[in-house]
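Subject: Structure for your review

Dear colleague,

Please find the structure below, together with its sequence. I would be grateful if you could read the notes that follow alongside it.

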Amino acid sequence: MMRNGKILFSSLKGGVGKSTSACLVATALAEDGYNTVIVDLDFRSRSLDLILGVSDKVLFTFDDYLLERCSADAVLIPVTGYEKQKRTHGEGKLLLCPAPSETTFESAGEDLYERIPEALMRLCEEADADYIICDTGADSRIPLIVGEGFAELAIVVSEQSKTAIRA
């Protein structure tokens, strides 16, 4: 496997399992001994902190890191409760960077969206991540920005309904 893999989970349809899929892949990578960061970029419906069981530990969010109001160590929340296995890659860890609310992100007074890829790159380096998983929301400009400026692999999550396939 590659080091510093950058994976985007996306779909233009909500409720198809993007966040669940991103969590499963991130957890599997950490279990396999890789240092993995999962970033919640779903500003309208943040859920990774709930899914991963760390919502009570959120002090800072991605916008705080993007605006350099906190360090990577402060924004990244260690996720426990999965079975870590010591493999050839060492003992992996899973860290979550929670999403801000959409209103918080957009009230910053400047277009922060274009700064997302650079912040993700910096976060990957500072966290010494083998993998960084980005979960995006539906109907957002973030998947395009992250897909063009950061991700090496995009996984489009869908379901069988015609509206999901069309989206």
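The notes below describe the fold, the sheet, the packing of its helices and the nonpolar cores.

This is a predicted model, in which local features need pLDDT of at least 70 and side-chain atom pairs count only at pLDDT 80 or more, whereas totals for chains, interfaces and linings use all residues. Residues are numbered from 1 along each chain as its sequence is written, and side-chain values use heavy atoms, with hydrogens and water left out.

**Overall fold**

The protein chain contains eight helices and six strands; helices (H or I, at least four residues) and strands (E, at least two) are DSSP runs, numbered from the N terminus. Their order along the sequence is β-α-β-α-α-α-β-β-α-α-β-α-β-α. Of the 167 residues in the protein chain, 50% are buried. Here buried means under 20% relative accessible area, exposed over 50% and partly exposed in between, with a 1.4 Å probe and protein chains only. Taking contacts (heavy atoms within 4.5 Å) between residues at least 6 apart in sequence, 76% join residues at least 24 apart.

**The sheet and its helices**

The six strands form an open sheet in the order β3-β4-β2-β5-β1-β6, with mixed pairing; two strands pair if DSSP finds at least two bridges between them. Its edge strands, β3 (77-79) and β6 (153-156), each pair on one side only. On average, neighbouring strands of this sheet are turned by 25° against each other, direction ignored. The pairing of β1 with β6 is parallel and runs over four bridges, and Ser10 has Val156 in β6 as its bridge partner.

Helix α1 (residues 18-31) packs on the sheet, where it touches β1, β2, β4 and β5, and its direction makes about 170° with that of β5. Helix α6 lies across β1, β2, β4 and β5 and runs at about 155° to β2. For these angles, axes are lines fitted to C-alpha atoms, for helices over the stretch in contact, and the values run from 0 to 180 degrees between N-to-C directions.

**Helix α7**

In helix α7 (residues 142-149), the buried residues are Ile142, Pro143, Ile145 and Val146. They lie on the same side of α7, because they cover an arc of only 165° around the axis; the arc is that of the directions from the helix axis to the C-beta atoms. Leu144 and Glu148 are exposed on the other side of α7. The cover over its buried residues includes β1 (5-10), β2 (36-41), α6 (116-126) and β5 (131-136).

**Nonpolar cores**

A nonpolar core is a set of buried Ala, Val, Leu, Ile, Met, Phe, Trp, Tyr and Cys residues joined through side-chain atoms within 4.5 Å. The largest has 31 residues, of which Leu41, Phe62, Leu120 and Leu123 touch the most other members. Helix α6 gives the most to this core, with five residues. Another core, of 21 residues, lies apart from it and has Phe9, Ala22, Ala26 and Leu29 among its members.

**Ser47**

Ser47 sits in the loop between β2 and α2 (48-51). Ser47 is buried, with a relative accessible area of 16%. Not counting residues up to four places away in sequence, Ser47 touches Ser19 and Asp40.

Yours sincerely
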